[in-house]
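Work through the exercises below with the model open. Each task is followed by a solution in steps.

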Amino acid sequence: MADAVQYRLERMTDELDDLERRGLFTRAELADVVRRRRDFEFRIRRHSPLRQDYLDYIAYELRLDSLRNLRKRAIIRAAASESDASDDDAGNKRKNKRGKKWKRSISDVAGVLRVLDIYRMATVRFKGDLDLWFRYLEFCRDKRHGRMKQVLAQAIRFHPKVPGLWIYAAAWEFDQNLNVAAARALMQSGLRSCPQSEDMWVEYLRMELTYLNKLKARKVALGEDVKTLQKSDNDAGHWKEENKELFMPLNEQDEEPKDSGSAADALEEKEDMFWRQGLLIIQTIYQGAVEALPSSLTLRKKFLEILNSVDLAHSEELKLEVLDDLKKDFSHCEDYWDWFARLQLTDLNSSNSLNGKDALSNKVYDEAVRRLPSSKMYSLYAKFWMDVLHPDREDSIALFQNSEFDASEYTSSILKVYESAQACGCLTEDLACQYVSLCLKLERLEEAKNLAEKLCNGPLSDAANLWSLRISMEINSFATADTHPFSKENLSYLFDLFSTVLSKLPITQTEGLWHMAMKFFSNEKIYFEKLVKCAMLSLGLAGGSDSGASVSSAIIGWYFQRDGMKQARKMYKRFLALPRPSLKLFQYCIELEANLASLGDHGALANARKLYNSAIDHYPQERELWRNYHNLELKVGTSETANAVYWRARKVLSDSTALTAPSS
């Protein structure tokens, strides 16, 4: 290894001599450069070099080359200013400037070549690192180095299933190398290797359309007819020669000279031949994409967006073909109908008024719910109208964000959607909550209350969010109607509502309702104790769930604040006696006792130890539990108890590092 490093350093002597001779670096600076390069060379040639070793070496060489360029410019500016000050004659000045011109030497190219060599070694060592390959390619592209094509071939050879590499290579050939034939060949090879890549098909179509637009601009610059974009015979033949391997040749059997009467027709046919062949390319790409990805809705949507963004002759037929295929292949998909309905708003903005666009979209949605009467379809339909009613939302329809319209005109439409969903049995919990919330926004309080009651007692009796909305409406209505605190009748009615839903649904679904009930009845001890009894039953069924721990912790906290720690102990002992107590509940109770123990309460320390022992019996492999127990003994216990916990943890966990602090 040392011999190889020394050999590479000796090959740098010409570069170092040139840097010193030109005054770019001093001998001491060059000695430091050699030392740093020797260190990097040993790092990348060790038995198992790291990726970062190569990147650090590259970063150092780039900084060094940047410093060389800065000093080179400074020397050139200084030489030019000295020449201006010493020469008065204009002719001599130009002559001296030509004499002072910086000649290209080995030091000007050695830095780039060295970085390329380091990248080469790095990619040989880490062939599977795509980020490293793209760094290599970007450096070649920025420096416009001739190794770019070779590096692209190597990257594609090692990663033929990565669409990004094919797209990058084709983009470089198209934009930088100006080789359309090579770019097209790369895209076609990439599609053969990655036929399931949507990005490949989309970028292929985008590239062909960009090429057509460039040819169009060329014709305009040459002064040809902009409207008809007449093409010469040479251009048509050039296009045909480039694409003869992709498409069927045109009928060229009739090559005999025609009479003067048919010359005009022949000229008109040749004028349009170029763009018909361009359209044929796009049709071929579209058909290939549909064949490779028949179930991809997003791919066809992207194709249509690209076609709408360009002005191409005879493209309307292709757009209609894409739309027809979409309806034929995706009429069973709710997302297609939602997209197609929203398309009416943007596709017809020049010929229809705002109300006309809404009518077209509404017609599409009506057809969709007739074909697909599903909950998702009604949800998309309702979301469309909510976007219309609330154009200030982030995900609202862009067409309405800058439009002035009366939102009240659309409320009847969305109400009909909710009513239709309810009649079809497709009203989900989210739709029902939106339905009730809309009635509240329209100040139809009684209608909203009756609707929520009907749904909660009917098909959506297990919808926790709807129950929460219904109870909130009842609480607000009582609060606004009564100037005094809630009457006994109102409290009894609200408690019956809470108990109905809390006893029916599992605690994992009603965690929010439990907290709402405890907050509402926190000052009503009788009703709160009734809630505790209901909670005991629900927690017994929930077992060790986090939702159950949240509810039980809230109850314990309420007793702790109201009646003190003695009553809180009685309560948490009842909860911990239930089957499968939660670890979070143990942690909450331990925290209460540990806080008191840190203040010198020996009884609390004894209770904390009991809680830890009980928690360890249920969760013996919880390292954090053992660690906290050991820390508690270190803080407020004795060395004997701390050592006992330590050795007990090592025995149970079978790990000598069990109680060490976790690394951050």
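**Exercise 1.** Are α26 and α28 roughly parallel or roughly antiparallel to each other?

Solution. The model is predicted, with local features needing pLDDT of at least 70 and side-chain atom pairs pLDDT 80 or more, while totals for chains, interfaces and linings use all residues. Residues are numbered from 1 along each chain as its sequence is written, and side-chain values use heavy atoms, without hydrogens and water.

Step 1: take the elements. Helices (DSSP runs of H or I, at least four residues) are numbered from the N terminus. α26 covers residues 546-563, and α28 covers residues 583-597.

Step 2: take the geometry. The axes of α26 and α28 are 8 Å apart, at an angle of about 25°. Axes are lines fitted to C-alpha atoms over the stretch in contact, and angles run from 0 to 180 degrees between N-to-C directions.

Step 3: classify. Angles under 35 degrees count as roughly parallel and those over 145 as roughly antiparallel. α26 and α28 are therefore roughly parallel.

Step 4: list the contact (heavy atoms within 4.5 Å). On the α26 side are Asp 546, Ala 549, Ser 552, Ser 553, Ile 556 and Gly 557; on the α28 side are Lys 584, Leu 585, Tyr 588, Cys 589 and Leu 592. By class, this contact of α26 with α28 has six nonpolar, three polar and two charged residues. Here Ala, Val, Leu, Ile, Met, Phe, Trp, Tyr, Cys and Pro count as nonpolar, Asp, Glu, Lys and Arg as charged, and the others, Gly among them, as polar.

**Exercise 2.** Describe how α27 and α28 pack.

Solution. Step 1: the axes of α27 (residues 565-576) and α28 come within 11 Å and cross at roughly 155°. The two helices, α27 and α28, are therefore roughly antiparallel.

Step 2: the crossing of α27 and α28 is left-handed, that is, the near helix is turned anticlockwise from the far one by less than a right angle.

Step 3: α27 contributes Met 565, Arg 569, Tyr 572, Phe 575 and Leu 576, which meet Leu 585, Phe 586, Cys 589, Leu 592, Glu 593 and Leu 596 in α28. The contact of α27 with α28 divides into nine nonpolar, no polar and two charged residues.

**Exercise 3.** Which way do α6 and α7 run relative to each other?

Solution. Step 1: the axes of α6 and α7 (residues 130-143) come within 10 Å and cross at roughly 160°.

Step 2: α6 and α7 are therefore roughly antiparallel, and their crossing is left-handed.

Step 3: among the residues in contact are Val 112, Leu 116 and Tyr 119 of α6, and Trp 133, Tyr 136 and Phe 139 of α7. The whole contact of α6 with α7 has 10 nonpolar, one polar and three charged residues.

**Exercise 4.** Which helix gives the largest share of the lining of the second largest pocket?

Solution. Step 1: a pocket is an open set of points on a 1 Å grid over the protein atoms alone, with protein on both sides within 12 Å along at least five of seven lines; lining residues have an atom within 4 Å of a point.

Step 2: the second largest pocket has a volume of about 320 Å³, where volume is the space filled by probe spheres set on the points.

Step 3: its lining includes Arg 8, Met 12, Ile 106, Val 109 and Asp 117. Helix α6 (residues 106-125) gives the largest share, six residues. The lining of the second largest pocket divides into five nonpolar, no polar and five charged residues.

Definitions and conventions: Angles under 35 degrees count as roughly parallel, over 145 as roughly antiparallel, 65 to 115 as roughly perpendicular and the rest as oblique. On a 1 Å grid over the protein atoms alone, a cavity is a set of points where a 1.4 Å probe fits but cannot get out, and a pocket is an open set with protein on both sides within 12 Å along at least five of seven lines; lining residues have an atom within 4 Å of a point.
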